Amino acid sequence: LKTYNLEPTLQAIYEERISRFKSIADSLSKKLLISSTVRFALFIAGAVAIYFLLDNWKIAILCGFLVFAIFLVLVSRHEDLKRKRAFHDALVQQNELELQVANGDYTALDSGAEFIDPSHEYSNDIDLFGTRSFFQYLNRTATPAGKNNLAKKLTENKIDNISDRQEAIQELAQKIDFRQEFTATAALLENREKPETISNWLTGYEPFVPAVFNWLPWVLVSLSVASIVGYAYDFVSGYVPSALFAIGFLVTGNYVKKINALYEKISLLERFFSQYGKLVLLVENEAFTSKQLVAFKESIKTDSEPASTRFAELAAAIGRLDQRNNMLFGFLANGFGLWDLKQIHTIEGWLDANAGYVSSWLDTVAQVDAYNTLGTYAFNHPHFVFPAIVSGDFKLEALDTKHPLLNPLKAVGNDVKITSGSFFIITGANMAGKSTFLRTVSMNIVLANVGLPVWAASM
């Protein structure tokens, strides 16, 4: 029997989303099966056609290129279907996780144990991090940078602009589609390298490809195609395309060590930049009204192209450079068209134009990832209240307040009133709840400063 500690409306929302996303994922699985079958059939048909056309080698080669081109299109479509299915699988997992956490099981979430700091003013005393901690209960971040940002928000105890944070969290609480799409997209990130490490590498990179390679590859590939066509129709000797190929191969060989060194580093980042571009695009396309979220959106703007487009351009250039791994393509493309040098020249141009922006873009993704977690918490606890923030001397007044990790069926609320200069001694029998009461007061102050709602009638 399923029992969820959620309001019936929330339970119905999560169950409906699970059903809907599962249905889409199942449909994509069927399409993937068909796609695999079509690719296999095309390969067999192409092999048979080439075999029977061997007597006319020109037509056989043309047929081979045609089959190969169609096969590449099908491979691209198949990979796109796989990404869509993985995305919807991630959406299903998110909603299943919310029901699981509502049942009191949040052990699958990251505990943030690395943030345990006995020297911190309060985090170690109120079980903020570690197994069965509030951080583990709260955390829905999908990126390492987002997780670090969330931990920072809980430990820095900022008391300025609390109302702005409340406004941002309230807005995100109502944007379940945005929150879950952002988290599902971030969950597909395969490269777990720290964004600051990537940003430092980008800004410190030294280019090595001369500017001439912006146009020289186009000249060489044009001459190569013309010479091959000329040879096919007996207009030129076979030595002409051979000589052009040798020139291209020698030029590429002169840079091969530097090319390989760069490729080894940047090929690992293609998926990273592609996914981060999608995360930035989600922020760009979302309409925000709260001051904090509008500021995040402004921070990813550039003078011309959107940041998401720039990320996509870099990912595409890295993807083209990846084609060098296809031995036949890499051999021919570098000989006849200086492929590697052209792609690296494009990548280096991108780095020169955008390296200074990347740190801000990555920080925005981390901020939104952390705020999404806070928005999810507010969404899951609609009966919690946002504290009223009043200027003046310190004063804490809370009615019927409880610790957020207590069992809702057993939790006992307390009224709290503390003013500046007050001093209290908490007494009571063993197991009477003294420590829980102290942690409740402390946790509510932390949550209020972060901008989160608290479990109380008012605060």
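These legends describe several close-up views of a predicted model.

Local features need pLDDT of at least 70, side-chain atom pairs count only at pLDDT 80 or more, and totals for chains, interfaces and linings use all residues. Residues are numbered from 1 along each chain as its sequence is written, and side-chain values use heavy atoms, with hydrogens and water left out.

**View 1. The largest pocket and its lining.**
The largest pocket has a volume of about 1200 Å³. A pocket is an open set of points on a 1 Å grid over the protein atoms alone, where a 1.4 Å probe fits, with protein on both sides within 12 Å along at least five of seven lines. Grid points are joined across faces, edges and corners, and the volume is the space filled by probe spheres set on the points. Lining residues have an atom within 4 Å of a point. Here 28 residues form the lining. Nearest the centre lie Ile-61, Phe-65, Ile-228, Leu-332 and Phe-336.

**View 2. The helices around the largest pocket.**
Helices are DSSP runs of H or I with at least four residues, numbered from the N terminus. α2 (57-102), α8 (216-232), α14 (327-337) and α15 (339-380) each give at least two residues to the lining. α8 supplies the largest share, with 9 residues. By class, the lining has 21 nonpolar, 5 polar and 2 charged residues. Nonpolar means Ala, Val, Leu, Ile, Met, Phe, Trp, Tyr, Cys and Pro; charged means Asp, Glu, Lys and Arg; polar means the others, Gly among them.

**View 3. Helix α5 packed with α15.**
Two packed helices are described by the angle between their axes and the distance between the axes. Axes are lines fitted to C-alpha atoms, for helices over the stretch in contact, and angles run from 0 to 180 degrees between N-to-C directions. α5 (residues 162-173) and α15 pack at about 70 degrees, with their axes 7 Å apart. So α5 is roughly perpendicular to α15; that term covers angles of 65 to 115 degrees. From α5, Arg-165, Ala-168, Ile-169, Leu-172 and Ala-173 take part in the contact. From α15 come Tyr-371, Asn-372, Leu-374, Gly-375, Ala-378 and Phe-379. Contact means heavy atoms within 4.5 Å. The residues of this contact divide into 8 nonpolar, 2 polar and 1 charged.

**View 4. Glu-167 in helix α5.**
Glu-167 is partly exposed, with a relative accessible area of 35%. Buried means under 20% relative accessible area, exposed over 50%, and partly exposed in between (1.4 Å probe, protein chains only). Leaving out residues up to four places away in sequence, Glu-167 touches Thr-289, Ser-290 and Lys-291. Glu-16 is 151 residues from Glu-167 in sequence, and their C-alpha atoms are 28 Å apart.

**View 5. The loop between α2 and α3 (134-138), with Asp-127.**
Most residues other than glycine have a negative phi. Asp-127 has a positive phi, near 55 degrees. Asp-127 is partly exposed, at 39% relative accessibility. Arg-132 is found in the loop between α2 and α3 too. Arg-132 is not a glycine, yet its phi is positive, about 60 degrees. The relative accessible area of Arg-132 is 44%, so this residue is partly exposed. Ser-119 also lies in the loop between α2 and α3. At 63% relative accessibility, Ser-119 counts as exposed. Ser-119 and Ser-274 are 155 residues apart in sequence, and 40 Å separates their C-alpha atoms.

**View 6. Arg-85 in helix α2.**
Arg-85 counts as partly exposed, at 29% relative accessibility. Not counting residues up to four places away in sequence, Arg-85 touches Ala-25, Leu-28, Ser-29 and Leu-32. Phe-52 is 33 residues from Arg-85 along the chain, and their C-alpha atoms are separated by 39 Å.

**View 7. Phe-437 in helix α16 (residues 434-450).**
Phe-437 touches Asn-414, Val-416 and Ile-426, not counting residues up to four places away in sequence. Phe-437 and Ala-333 are 104 residues apart in sequence. In space they are 71 Å apart, C-alpha to C-alpha.

Notes: Angles under 35 degrees count as roughly parallel, over 145 as roughly antiparallel, 65 to 115 as roughly perpendicular and the rest as oblique.
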